[in-house]
Every structure is written in C-alpha cells, then in structure tokens.
Number of protein chains: 2
Amino acid sequence: VETALIGVDWGTSRLRGLRIGPTGELLETRDSTLGVALVQDRAFDVALHKLIGDWQTREGRAPILMCGMVGSRQGWHEVPYVPCPAGLADFLPHLKRVETACGPAHIIAGASTKDARGIHDVIRGEETQIFGIATSTGRQLAIAPGTHSKWARVENGRILGFQTYMTGEIYSLLRERSTLAWVMSSTAETSPVDGAFLLGVRRTREDPDLLRLLFSVRTCGLFDDLPSAALASYLSGLLIGSEIASGLRRRASGQITVIAPAALAYLYRLAMSDAGYSDVACIDATAAAALGFWRLWELSRQWEGL
Amino acid sequence: VETALIGVDWGTSRLRGLRIGPTGELLETRDSTLGVALVQDRAFDVALHKLIGDWQTREGRAPILMCGMVGSRQGWHEVPYVPCPAGLADFLPHLKRVETACGPAHIIAGASTKDARGIHDVIRGEETQIFGIATSTGRQLAIAPGTHSKWARVENGRILGFQTYMTGEIYSLLRERSTLAWVMSSTAETSPVDGAFLLGVRRTREDPDLLRLLFSVRTCGLFDDLPSAALASYLSGLLIGSEIASGLRRRASGQITVIAPAALAYLYRLAMSDAGYSDVACIDATAAAALGFWRLWELSRQWEGL
C-alpha cells in the first residue's frame with residue numbers, strides 16, 4: 001500500500017517511524033534506540049534517513065511529521081511550546097519546517113501549561129497521542145504513563161492542562177541503582193505480581209508519604225512480608241499508586257483513556273479499578289500517535305497544506 | 001589523655017572511629033570510606049585494625065563498642081533487631097561479642113518497629129545517637145537526617161517507635177543520575193540557596209504530590225523561574241520539605257532535636273522554622289554517638305560489665 005504520511009516520534013531515548021496509508025491506517029512501524037540524547041554531532045538527518053529513507057520513492061515523497069524531543073533545545077530544531085488550553089488547530093501555525101534527505105519534514109510543537117500556583121509543566125510528543133484519542137465533544141482524561149507520565153484534561157477536543165509525574169524514571173533509578181535494588185530479585189521484572197502491586201497501590205492511597213513508604217520495600221524483604229520476587233511489583237505499586245491517587249484527586253469528569261503498551265496499561269487499569277474506576281479505555285501509544293499525526297495532516301490540508 | 005572507650009560507627013558507606021576519654025569526652029575521631037559495602041572478602045578485622053589499632057596499647061586495651069550495619073546480615077556478625085518500645089538497658093543482653101585484632105569488641109543491636117498497618121521499619125546505628133541525646137524523663141522527637149532519615153519518638157529515655165524516609169538517597173539519585181541532573185548547575189552543591197530551598201519546602205507542604213512536584217525542577221529551569229544554580233537547593237527543599245511535612249503530621253509533643261552535621265541541620269531548622277517549629281535543638285551526629293556509646297558502656301558496668 002502507498003505511503004500517504006510518515007510520522008516520526010522522536011523522544012529522548014527512542015526514535016520511532018510510523019508509515020501511514022491513504023485512509024490513515026498504520027502500515028508499518030520501525031524502532032531505533034537513536035533517541036535525541038544519543039544522536040552524536042547533531043546527525044539527526046543521517047539517523048532519520050537510516051530509519052525511514054527507503055519509505056520514500058522517486059515517484060513521490062510522502063509528507064513527514066515529527067513530534068517529541070526532536071523539537072526541544074537538544075533536538076533538531078527548537079520549537080516553542082504552545083500554551084494550553086490548545087486544540088489541534090493551534091499547533092498548525094507553529095509547525096517548523098526542516099529540510100531532510102528524505103524530503104521536507106515538519107516538527108510539531110510541544111505544549112505548556114501553568115497551574116494555579118504558577119508551576120509550569122511541559123509535554124513533547126504525548127500531545128500528538130492525546131489528540132489522536134481526543135473526541136470533538138465531551139470531557140476526557142488522557143493518561144500517558146511512562147518515564148514521565150502525563151495526565152491531560154481534554155474538553156471538546158482541546159487540551160485544557162496537564163500534569164507530569166516522574167513515576168517511571170524514579171522506578172528505574174530505585175530498581176537499578178538504589179539500596180533497594182539489593183533486596184529485589186532480578187527475576188521480578190519479567191513476572192509482575194498483582195497482589196504485591198495492589199498492596200503498594202493501597203498503601204499509597206491511604207498515606208501519601210512516599211519517601212517513607214519506599215523504605216518498606218526493604219523491610220518487606222527483611223521481615224519476609226513479601227517474597228523477594230514480588231518486591232519489584234510492590235515498588236511499582238507504591239509509585240504508580242501514588243501517581244494515580246494524586247491524578248484522580250485532580251481529575252475532571254469524563255472518559256478515562258490510558259495510552260500505553262498492554263503490560264503497563266494492565267497495571268494502570270488494575271490500580272484504577274481498585275480505586276473504583278472500572279470504565280477505563282486503553283490504546284497503544286503508537287496507535288494513538290498514528291491517529292494524531294493523521295488528524296494533524298488532514299487538518300493542515302484543509303487549512304493551507306504543508 | 002588515656003583512652004577509656006572506643007566507639008565504632010560502621011555504616012554502609014562509612015567507617016568512623018571515636019576515641020573516648022575517662023569522663024566520656026570525645027578525644028579524637030577517625031574516618032574511612034571502608035563502609036560495610038566496600039569491605040572485600042569479609043576483611044572487617046583488617047579494616048578495623050587499620051583505623052584504630054594504634055589507639056590500643058600493650059599496657060591496657062580499651063573496650064570497643066560498634067554500631068551500624070556492621071551488625072547486619074552483610075556485616076561482621078548479624079545481631080537481631082531489638083523491638084521497640086525499647087530503652088538502652090534492653091540492648092545490653094543483645095550485645096554481640098566478636099574477637100578482633102584490637103581486642104574484644106561488642107556489636108550493638110539495631111532496633112525494629114511496626115506501625116498500625118503492620119509496616120515494619122528498622123534502624124542500625126542511629127539508635128546509639130538517639131540514646132546519646134535521650135533525656136530520662138519527658139517526650140522528645142529525635143531526627144537523624146541523611147541517606148535514610150530517621151524520625152524517632154522518645155519518651156522517658158525509651159524509643160517508642162520511628163520512621164525512615166529515603167530523602168538523602170533519592171536526592172543523590174536525582175541530583176546525579178536523573179534527567180533532572182541535566183538542568184542543575186554543577187556548582188549548586190557548594191552554595192545552597194535559602195530562597196529556592198524554602199520555595200520547595202512550601203510547595204510540598206501545600207501539596208504532597210512529590211512525583212509531580214519533582215518535575216517542576218526541570219520546568220523551573222526551562223522557564224527561568226529559578227536560576228540554574230538554585231535548582232539543586234529547590235530539589236533539596238522539595239524532598240526535605242516532604243519529609244518534614246510528613247514527620248510533623250505524625251509527631252508526638254516534646255523537644256525536637258536534629259542529629260546532623262551543621263550544614264544539614266541548618267536546612268532542617270530552616271524548614272521547620274518555616275512550618276512554625278522554631279524551638280529545635282541540634283547536635284552533631286558524632287557527638288551524639290559518643291554520648292550514646294558512653295552511656296551504654298556506663299550502664300553495662302552497672303549491670304555486669306562487658
């Protein structure tokens with residue numbers, strides 16, 4: 001099938017190409033570890049061409065849309081944040097054109113928000129996924145878990161505001177580099193334990209003192225309250241539980257959608273169901289990004305074309 | 001002056017010797033990085049002899065008391081925890097004698113506690129510092145900040161219970177190994193900024209969502225809300241502020257004492273004063289440990305001698 005649009009989700013630690021067909025269907029994805037942080041000497045064009053160069057043909061070059069840290073100060077070209085509230089159309093005037101060996105490409109801006117106390121927050125990449133699942137009417141809560149989890153309130157297709165939680169990054173640091181790493185079994189990562197995960201979720205729901213509860217990973221091991229193979233799941237439950245307890249305290253009404261790979265989405269649904277939120281939709285992040293790229297592309301054609 | 005007692009505070013990452021005189025005065029201290037985690041092939045005796053061997057003479061060998069992780073499973077000899085509530089006398093029957101090249105030594109047990117929800121907590125080393133500052137009557141709150149901060153409630157000289165906060169370890173991980181490290185100036189460590197520290201303290205006092213607030217270290221840098229040289233202090237304020245807000249919520253009435261080096265004690269007093277607690281005493285951790293070793297030694301002589 002002919003390539004109608006190429007989407008590129010270029011984050012700090014990962015580069016992903018999405019080949020999209022004429023009706024917006026996702027035809028193919030390609031992954032590389034050449035995230036923005038790993039590209040040497042600003043060789044972004046070489047990395048991009050290596051990943052998706054053969055998707056372009058002499059007869060016709062598909063348009064390319066890029067999102068993520070590629071638009072940050074450390075990326076290919078800095079694109080200022082679009083302040084929220086913002087709908088997809090608000091991003092069109094800020095598309096930044098860059099010339100590449102694969103043809104012209106456009107970088108999508110990230111979004112920024114500021115809470116009542118003046119604390120700023122930013123997003124780069126997840127806005128495209130969120131616009132992929134946004135409905136034109138009604139309220140939604142979009143959750144994109146990961147290294148930095150994003151919780152976005154969406155209304156009538158516009159992102160009203162969002163919060164970032166450092167859940168995934170703190171998990172990795174504690175799992176791999178902390179004194180807690182010693183007590184956790186190294187096999188735990190491949191076999192999550194629902195009971196231990198939910199114990200962690202419930203403890204942080206009752207008690208927001210995360211700095212204190214984290215030490216209980218160690219004592220649960222010391223006193224055999226949990227088997228060592230379950231301690232990583234318990235840690236995950238403490239962190240995801242803390243994020244979810246905070247996020248649900250702030251939530252607007254409306255449909256909840258988790259944008260994540262199946263294994264991670266399962267944990268978020270499990271924790272939210274335990275808190276009484278059982279109507280939670282899930283979508284893979286790549287599928288959501290493909291929808292977002294396609295919507296922006298369609299909107300741009302109505303507007304003035306890229 | 002003659003050596004009457006040698007105290008050894010042997011933690012995970014540090015080994016410290018205390019030479020104590022006939023009236024309990026601290027005569028000399030020696031430090032080494034040979035913490036329990038760094039001792040190879042269980043060569044504890046060699047490390048101890050290297051540190052304090054010359055403090056012993058042929059004419060007379062001073063008794064040696066050791067506390068800390070040296071009594072853990074990874075240490076010289078495992079000594080089971082004494083469950084709280086516990087006074088100093090409760091530790092006497094559990095002193096573990098080990099023979100060393102410097103003469104016989106005794107390892108002091110750590111303490112354990114369990115909260116209303118069944119969550120265990122443990123301490124090894126700080127119990128000796130806490131007994132050093134404990135008064136025979138009245139209520140006290142003893143705070144020993146550090147890699148793992150300990151908050152202990154003391155009544156009539158007995159430790160009723162305590163909590164551990166992973167404040168210092170999480171600070172180091174975020175300061176050195178996280179995506180936040182990129183935005184923090186490397187000079188910040190030597191020059192704490194009180195204003196930025198207090199901003200962090202206040203934000204966590206109003207809002208316990210630490211996982212979310214941590215990301216504001218990055219956005220404060222991105223949006224120039226704080227100079228990059230102040231961001232490490234802001235991070236420190238978020239973490240210490242979170243610990244203090246939690247600890248003060250649980251506190252019993254009574255005198256508050258911070259057991260820490262002067263620079264760290266200054267930050268804890270600043271944060272607690274900002275929360276309305278201005279009557280906070282401070283003592284150096286080594287001075288507190290010397291008092292604790294001496295008290296235990298005196299008590300043991302009344303009892304049956306070591």
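Visitor: How many residues of chain B are in contact with chain A?
Guide: 51 residues of chain B are in contact with 51 residues of chain A. Contact means heavy atoms within 4.5 Å. This is a predicted model, where local features need pLDDT of at least 70, side-chain atom pairs count only at pLDDT 80 or more, and totals for chains, interfaces and linings use all residues. Residues are numbered from 1 along each chain as its sequence is written, chains are lettered from A and ligands numbered from 1 in the order in which they are written, and side-chain values use heavy atoms, with hydrogens and water left out.

Visitor: What area do chain B and chain A bury between them?
Guide: About 4600 Å², with 62% of it on carbon and sulfur atoms. Buried area is the accessible area (1.4 Å probe) that two parts lose on being put together, summed over both.

Visitor: Which three residues supply more than any other three on chain B?
Guide: Leu211(B), Arg212(B) and Phe215(B). They supply 18% of the area that chain B buries against chain A.

Visitor: And how many salt bridges across the interface?
Guide: The rule finds 8 between chain B and chain A. A salt bridge here is a side-chain nitrogen of Lys or Arg within 4 Å of a carboxyl oxygen of Asp or Glu. Arg117(B) forms one with Glu206(A), the closest N and O atoms being 2.9 Å apart.

Visitor: New topic. Is Leu34(A) buried, exposed or partly exposed?
Guide: Leu34(A) counts as partly exposed because its relative accessibility is 30%. Buried is under 20% relative accessible area, exposed over 50%, partly exposed in between (1.4 Å probe, protein chains only).

Visitor: What does Leu34(A) touch?
Guide: Trp10(A), Leu15(A), Val39(A) and Ala47(A), not counting residues up to four places away in sequence.
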